[in-house]
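Good morning, and thank you for coming. I should like to walk you through some strands and helices of one structure. Please look at the display as I speak.

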Amino acid sequence: MIKKNELLRIENLTVEIGEKIVLKNISMVINEGETHILFGPNGSGKSSLLYTIMGIEGYRILNGKIFFRSEDITNLSIDERARKGIGIAYQHPPAIKGVRLEKLINFIDKESKDIVSLSKELKMKDYLLREVNLGFSGGEMKRSEILQLLSQNPVLSLIDEPESGVDIENIEILGQAIKKLLERHLNRTRTRSGLIITHTGFILDYVKADHAYILLEGKIICEGNPFEIFENIQKNGFTACKNCTK
Amino acid sequence: MQKLHEVVLNKEDKHKLESVGFDVEGARSASFLMNDDKVVLSDVEDMEKGLVLIPLKKGLEKYSWLEERLWRLVPLDKDEFTRRAKDAEGYLIYVPPGLKIKRPLQACFFIKSHALEQKVHNVIVMGKGSSLDIINGCATANYDTQGMHIGITEIYIEENAYLTYTMIHEWAPGVEVRARTAVHVKREGQFVSNYISLQMTSLTQSAPQIYLEGEGAKARLTSLVFAPDNAVYDLGGSIYLKEQNTAGEIISRVVSNGGRITSRGDIIARAEGVRGHMECNGIILKEHGEITAVPVLSSSTLNADLTHEAAVGKISRVEVNYLKSRGLTEEEAVQFIIEGFLDTKLLKLPQSLEENVEKTMELLKHSAL
């Protein structure tokens with residue numbers, strides 16, 4: 001049975017890149033308005049999961065299905081998924097030479113949002129005329145990614161390590177922007193959802209996430225309350241989680 | 001000879017001229033228009049005192065020094081095309097020493113008649129310390145026109161003079177183009193060439209020869225080219241670094257959407273302390289398209305700094321996927337990337353032409369992609 005407020009459902013997903021299986025039998029449900037967190041060491045399959053949900057080429061689904069708003073999207077193209085309301089902030093986005101950030105943002109914004117004030121909030125106003133991600137520092141790249149997501153305003157935001165390579169000042173800016181993106185200031189009326197990869201857990205200071213998973217070697221080995229799980233990781237590391245019960 | 005405001009153009013022709021950067025409203029220092037083999041406009045604004053723009057044949061009658069500059073940089077017997085252009089009409093542009101012209105000079109070579117062989121011979125003389133920005137447009141009137149354009153251009157840049165030469169081509173599927181250009185630059189003089197062509201052509205061949213003959217002279221050639229199905233481009237350029245501290249740069253960005261592009265470049269160092277840099281980047285979008293990059297660096301001195309980078313390949317899937325994940329379709333993503341790849345910011349445009357060329361480029365890209 002599919003519940004009414006269910007947004008994303010992943011069923012028994014197994015994925016390979018090339019010859020290597022990167023995700024094994026993953027299942028999860030994200031309801032409308034919820035934000036979930038993905039923890040796990042490098043190479044555990046966290047980014048692969050986000051890319052597979054987004055539909056990026058090269059991530060071959062061997063088994064399982066992905067449903068978005070009750071619709072099977074397993075075989076849809078990236079842009080079809082994007083237009084249905086899935087968005088992604090990459091950890092290492094490519095530079096698009098010759099394309100100004102402003103042009104891209106104006107193109108992806110379908111609701112005529114106030115791009116200038118959005119970019120001011122993210123301290124990106126001076127970057128609007130720069131080429132997308134070209135020569136951006138770590139923090140600038142993350143701010144650019146979140147600015148693009150805010151312009152796109154997806155129902156489900158997939159956010160890959162928003163804190164990596166970012167200094168403290170930028171962490172605050174990004175934290176506030178992600179909070180806004182996921183409508184965490186709203187309560188019952190919240191419609192935006194998120195799936196966020198974090199190493200440092202910083203995002204929990206801004207987004208009181210609803211649920212968390214630990215991924216290890218392509219499998220979900222543990223899930224539950226994000227704050228409890230994060231505390232446990234800090235104390236005992238990821239490997240200790242192997243022994244914890246789901 | 002008519003003034004700019006007296007030239008009557010039908011709507012279609014006007015649109016065509018504008019698409020190669022010709023400003024019919026006239027925010028220009030001077031304007032020149034050649035329809036087929038006839039000069040119909042050669043007009044210098046009243047306020048631009050000293051600037052000379054006249055049909056070449058009139059120039060020969062008026063200036064005795066012109067005769068010896070004709071066929072001096074491009075030899076008359078270079079090949080069959082130069083020989084065919086023996087008595088061609090064209091323009092003489094002369095900027096007297098010290099005169100700096102702020103507004104651009106515009107010229108347009110327009111083929112209107114079917115299967116016409118348009119032969120053009122242009123001479124530009126930049127006096128010591130002078131400066132000028134030229135925008136040259138070449139176009140055919142109707143899209144299905146056959147024809148041929150032979151263009152001889154001889155450019156003399158005296159000491160400390162500065163010339164930017166921006167060329168926009170918009171030919172038709174059956175038009176063959178043979179350009180023969182040579183430039184002579186003296187001490188501390190500078191020559192900047194910008195070339196844009198995004199349309200069909202049965203063959204466009206162009207390889208300006210730049211001779212940096214005085215200490216500290218500089219040249220930069222940039223091309224942005226898009227070759228649709230069946231278009232053939234053979235483009236190049238040679239910069240001879242003949243005196244100390246001369247510097248040359250050849251930059252090209254080419255896209256094949258089924259067409260064939262050969263992108264050549266030669267930088268030849270023959271003096272101490274010279275610098276040369278070449279960049280050729282190509283993207284192949286479709287099967288049967290072909291891009292050949294032929295960069296040549298040659299040095300016969302101990303102290304020359306010549307560098308080169310080239311990359312020819314398919315469009316980056318990572319970039320396409322990135323844009324698609326923002327909701328752009330495959331076609332929109334490719335268009336974004338190609339438009340960015342052929343960014344006019346790569347050109348070294350004078351400020352007075354930036355907006356105009358950018359707008360022109362938007363229109364051209366829109367119809368080409």
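Let me begin with a definition: two strands are said to pair if DSSP finds at least two bridges between them. The model on display is a predicted one.

With that in mind, consider strand β11 of chain A, residues 211-216. On one side, β11(A) pairs with strand β12 of chain A, residues 219-224, in the antiparallel sense over five bridges. Within this pairing, A:Leu216 has A:Lys219 of β12(A) as its bridge partner. The hairpin formed by β11(A) and β12(A) has two residues between the strands, and A:Glu217 there takes a positive phi near 50°.

β11(A) has another partner, strand β3 of chain A, residues 35-39; here the pairing is parallel and comprises four bridges. Is β11(A) enclosed or open? Five of its six residues are buried, so β11(A) is largely enclosed by the rest of the structure.

I turn now to the helices of chain A. Helix α5(A) covers residues 138-152, and at 1.5 Å a residue its 15 residues should span 21 Å. The C-alpha atoms at its ends are 21 Å apart, which agrees with that expectation. Of those 15 residues, 14 are buried, and the helix is therefore mostly covered. Just after α5(A) comes A:Asn153, with a positive phi of about 55°.

How are two packed helices described? One gives the angle between their axes and the distance between the axes. For helix α3 of chain A, residues 101-108, and α5(A), the axes come within 8 Å and cross at roughly 30°. Angles under 35 degrees count as roughly parallel, and therefore these two helices are roughly parallel to each other. Their crossing is right-handed. The contact involves A:Leu101, A:Leu104, A:Ile105 and A:Ile108 of α3(A), and on the α5(A) side A:Ser144, A:Leu147, A:Gln148, A:Ser151 and A:Gln152.

Finally, let us move to chain B. Strand β6(B), residues 116-126, has nine of its eleven residues buried, so it is largely enclosed by the rest of the structure. Strand β4 of chain B, residues 91-95, runs parallel to β6(B), and four bridges join them. There, B:Ile93 stands opposite B:Ile124 of β6(B). β6(B) also pairs in the parallel sense with strand β8 of chain B, residues 146-157, over eleven bridges. In this pairing, B:Val125 has B:Tyr156 of β8(B) as its bridge partner.

Terms used: Residues numbered from 1 in each chain as written. Chains lettered and ligands numbered in written order. Predicted model: local features only at pLDDT ≥ 70, side-chain atom pairs only at ≥ 80, totals over all residues. Heavy atoms only, no water. Buried < 20%, exposed > 50% of the residue type's maximum accessible area, 1.4 Å probe, protein only. Expected span 1.5 Å × (residues − 1). Axes fitted to C-alpha atoms, helices over the stretch in contact; angles between N-to-C directions. Parallel < 35°, antiparallel > 145°, perpendicular 65-115°, else oblique. Left-handed = near helix turned anticlockwise from the far one by under 90°. Contact = heavy atoms within 4.5 Å.
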